[in-house]
Amino acid sequence: MNSKTTCPYCGVGCGVEIMRDAGQVSGVRGDKNHPANIGRLCVKGSSLHETLDSHGRLLKPYVDGLPMHWDDALNEVAERFVRTIEEHGPDSVALYLSGQLLTEDYYVANKLMKGFIGTANIDTNSRLCMASTVVGHKRAFGSDTVPGCYDDIEKADLIVLVGSNTAWNHPILFQRMVQAKKTNPNLKVVVIDPRETATCRLADLHLALKPGSDTRLFNGLLSWLAGNDYLDQDYINRHTDGFQYALDAAVNSAGDPRQLAEDCDLPVESLLTFFNWFGATEKTITFFSQGSNQSASGVDNVNAITNCHLATGRVGHPGQGPFSLTGQPNAMGGREVGGLANQLAAHMDFDEVSIDRLRRFWQAPNMATQPGLKAVELFQAIERGEVKAVWIMATNPVVSLPDADQIKRALDKCETVVVSECVSGSDTAKYADILLPATGWSEKDGTVTNSERRISRQRGLIPATGEARHDWWTLCEVAKRLGYAEAFNYSHPHEIFAEHAALSGFENDGSRDFDISYFAGIDRFTYDNLKPVQWPVTTDTPEGTSRLFGDGRFFTPSGRARFVEIIPRAPVQKPTDRTPLVMNTGRIRDQWHTMTRTGTAPRLFNHREEPFVEVHPRDAAIRNISNGTLVKVTNSQASYFARARIEEGQRKGEIFVPMHWNEAFTSQGRMGALVAPVTDPLSGQPESKHAAVQMEPLNEKWEGWLLTAKSISVPEVDYWARIPKTNCDAYHIAGLDRVDSWEHWCIDHLGEADLWIEDPARRSFRAAGLLHGRLNWVLLITPYNSFPSTDWIDQLFTQPSLDSQQYRYLLSATNVEMEDPGTIICSCYQVGTTAIDKAIKQGCGSAAALGEKLKCGTNCGSCIPELEGFFTKAG
Ligand SMILES: Nc1nc2c(c(=O)[nH]1)N[C@H]1C(S)=C(S)[C@@H](COP(=O)(O)OP(=O)(O)OC[C@H]3O[C@@H](n4cnc5c(=O)[nH]c(N)nc54)[C@H](O)[C@@H]3O)O[C@H]1N2
Ligand SMILES: Nc1nc2c(c(=O)[nH]1)N[C@H]1C(S)=C(S)[C@@H](COP(=O)(O)OP(=O)(O)OC[C@H]3O[C@@H](n4cnc5c(=O)[nH]c(N)nc54)[C@H](O)[C@@H]3O)O[C@H]1N2
Ligand code: SF4
Ligand SMILES: [Mo]
């Protein structure tokens with residue numbers, strides 16, 4: 001049996017081979033034959049097998065809190081949807097999906113809503129992720145096409161990274177860049193990001209621009225290219241429209257370089273260095289990601305970049321082009337099936353011809369004829385009571401949407417909330433009237449498309465957990481109950497894929513970019529053995545297509561690419577006197593989104609263990625905040641509690657918070673609640689990177705560690721952050737009120753202590769509770785700067801009873817059995833700062849030397865940029 005599959009995390013789309021033992025996944029390694037990664041895996045990919053624990057999985061359907069048989073639960077979904085549609089029309093129901101669904105799941109969801117129920121109220125978390133790129137691509141190229149491929153990395157002489165922390169978020173592509181730089185010493189890398197990220201370690205130039213000034217910068221570049229004879233006038237004349245309008249707008253907004261540098265808050269020399277490199281380097285790729293997309297000018301950001309590539313004729317040739325880095329494993333597949341509310345399937349739009357074409361292809365009784373509500377609007381319509389039934393699948397909007405508390409209000413009010421989930425305890429699952437268990441990675445079977453248009457198989461390799469079912473199956477079962485049995489009568493995902501492929505070729509004749517008609521009749525054997533392939537895949541190009549647009553022909557009516565006139569606008573969320581800081585939000589290396597998956601692997605917490613705020617030393621100092629201070633970030637919408645990290649690489653006036661923490665992992669750490677629901681007017685994508693906030697110390701009266709057996713639930717304290725360990729749950733905890741008697745506190749919160757010791761002079765208290773002789777909980781109240789490492793205590797939780805020496809150690813809370821490893825830098829080999837500092841003192845002079853001595857960085861390589869940081873910092 002084929003043991004190859006695709007990583008379910010980022011849009012790099014790495015091939016994974018799994019090892020099995022007794023029907024379970026026992027290990028993973030990179031697939032040497034997969035073109036995206038050629039055998040490599042990053043830290044998240046290489047820890048996939050550690051996240052497959054059935055603990056926390058949703059195992060059964062539930063209706064109104066009660067376990068139900070699948071058949072009854074499906075009947076309930078169908079009945080409640082039918083009732084709502086009959087009473088209030090098709091637009092009173094909605095689906096909210098995700099780029100983590102497989103193409104086949106997505107295809108049937110879209111078909112059901114847009115063709116059969118008759119509403120386009122079906123949107124996806126790609127609205128928060130790729131929507132701006134979709135519109136930007138269509139404006140420039142007439143189609144939502146990524147022109148290039150990953151092999152261009154090795155062919156480029158200049159790589160520009162805009163709003164992308166590639167080192168952490170697309171680590172395998174980053175490693176390809178690192179390698180490319182070694183092989184090609186001429187290759188230069190420019191990072192355009194307001195903060196200094198791990199990615200900057202590879203950069204020859206870092207432009208720490210003012211947040212939201214990207215359109216100014218790229219308008220400035222266009223204007224400068226024109227003024228310095230770098231245009232490809234022949235290309236502009238033959239293959240594009242609208243150049244003069246775009247140039248006039250660029251010249252108007254840019255001013256002279258000195259003015260522009262001031263507007264973007266950059267040194268003019270750096271700006272000109274970038275312009276000169278871009279102008280002079282034929283083989284330039286500009287990768288862009290969420291720093292560009294998640295903006296109220298997201299679409300303009302994309303077009304400001306494509307304008308510069310079109311003006312130099314650098315699109316679709318080896319080593320050249322604008323390149324959108326997609327986030328989720330199937331962000332692209334979702335676009336292919338028309339998962340967004342304003343698209344139709346197979347890259348078609350809501351024009352009369354396409355609507356009619358789909359109606360005929362699907363034999364659809366109720367074709368939607370106009371776009372539906374986009375994510376932010378959708379949840380507002382739910383709160384207003386206009387949408388009365390919503391089915392949420394493979395996404396966690398209570399955490400990830402802006403104004404996230406509004407999502408809670410909306411779901412509270414909504415008559416029918418169906419949630420299809422793999423886990424039982426997600427923040428959104430708590431609001432479900434009907435909960436449906438879904439198969440997860442390694443159980444589900446289908447296809448995904450990565451950033452370079454490459455379709456790969458995710459294979460079902462182990463049995464489903466509990467009663468979990470595939471999402472496509474669940475959707476089809478509901479469709480049958482709504483009366484559409486014939487159109488949803490699939491028995492295996494290959495049949496869905498075959499239909500999707502047939503639709504992509506239906507009346508296409510080269511008019512639409514997305515065409516995989518070669519697979520229209522695909523049988524199960526071929527599907528099961530499908531090799532990764534880049535679309536378009538037609539009978540003329542059965543091996544797929546690496547690049548598009550090299551011939552200068554585009555999918556616009558004129559066949560020419562379009563320049564877009566860009567008028568720069570400032571971010572909508574502006575700092576004020578009361579909320580003077582800009583809150584930037586994004587990702588960390590070892591966590592995936594709302595942590596429902598990575599949060600089950602203890603070692604992925606060693607890199608960052610609790611919610612944090614990165615802050616510039618000056619902004620910290622004026623607020624009396626130092627490294628490790630617990631802080632409160634607030635605005636009129638909500639507040640967020642986390643620990644401060646002082647970072648020189650943070651801009652003044654701007655803080656950075658991770659998007660990952662949520663109510664399953666911390667008391668008050670849903671950063672989305674502070675982001676205003678402001679969106680790009682064209683794409684509907686939220687401005688997630690620029691919330692206006694204030695920050696102050698939390699002013700806790702005490703803090704410490706609490707370690708509990710896994711069966712004990714979250715403590716009731718003002719601040720807590722859960723750090724899962726192998727044998728126990730560890731919590732950082734803190735309180736805002738003084739505690740007079742810790743002994744009483746223990747009785748109230750944990751039960752009577754079996755042993756305890758108090759040292760008021762040192763503000764410390766230590767206690768432990770036993771259950772049948774076994775360790776049940778340990779409380780260590782002590783200031784943060786004297787927190788001990790707790791891995792040795794974790795081991796005590798496995799023991800049937802403790803001996804007297806272990807009791808003594810527990811109460812002295814000294815770290816007797818293990819050296820404190822410091823912050824873990826290398827998650828694969830668990831190498832921390834203590835060992836690294838020691839090795840450097842002993843003479844290790846490079847990341848490679850550290851690797852030789854300690855093994856750090858020698859497996860997945862995700863930590864190499866940070867290892868290198870030890871030497872740049874020292875120098
Ligand atoms: N480890 C990890 N990897 C992931 C994910 C994950 O959760 N964890 N998620 C995946 C997904 S779905 C996505 S979409 C991708 C996202 O990948 P990225 O886009 O790399 O992720 P972010 O960290 O959200 O944001 C990127 C950068 O944008 C910068 N930025 C903020 N404001 C501006 C601005 O005004 N201009 C510019 N130029 N930059 C700005 C931020 O400082 C940040 O460093 O990552 C994917 N990969
Ligand atoms: N402020 C701010 N907000 C952001 C971002 C940001 O940078 N800043 N980034 C945005 C971006 S780019 C993204 S992509 C989103 C991500 O945000 P979400 O989509 O909300 O995050 P996930 O944690 O990936 O949620 C996926 C859920 O689906 C479940 N799941 C996984 N696989 C399956 C499956 O096969 N079937 C079913 N039914 N369920 C499954 C998981 O358990 C999990 O609960 O967040 C967005 N929100
Ligand atoms: S880079 Fe890492 S997370 Fe992304 S697909 Fe590859 S292994 Fe998975
Ligand atoms: Mo994303």
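The second largest cavity is lined by Cys7, Tyr9, Cys10, Val12, Gly13, Cys14, Leu41, Cys42, Gly45 and Ile172. In this predicted model, local features need pLDDT of at least 70 and side-chain atom pairs count only at pLDDT 80 or more, while totals for chains, interfaces and linings use all residues. Residues are numbered from 1 along each chain as its sequence is written, ligands are numbered from 1 in the order in which they are written, and side-chain values use heavy atoms, without hydrogens and water. A cavity is a set of points on a 1 Å grid over the protein atoms alone where a 1.4 Å probe fits but cannot get out, and lining residues have an atom within 4 Å of a point.

The second largest cavity holds about 70 Å³ of space, a volume being the space filled by probe spheres set on the points, which are joined across faces, edges and corners. Its lining has eight nonpolar, two polar and no charged residues (Ala, Val, Leu, Ile, Met, Phe, Trp, Tyr, Cys and Pro count as nonpolar, Asp, Glu, Lys and Arg as charged, the others, Gly among them, as polar).

Ligand 3 sits in this cavity, with more than half of its atoms within 2 Å of the grid points. Residues around ligand 3, with a heavy atom within 4 Å of it, include Lys44 and Pro171.

The largest cavity has a volume of about 480 Å³. Of its 38 lining residues, Gly163, Asn169, Gln290, Arg587 and Lys689 are the closest to its centre. It lies between domain 3 (131-324) and domain 4 (581-697), because both give residues to its lining; domain bounds come from an automatic or database assignment.

How values were computed:
1 Å grid on protein atoms, 1.4 Å probe; cavity = no way out; pocket = protein on both sides within 12 Å on 5 of 7 lines; lining within 4 Å.
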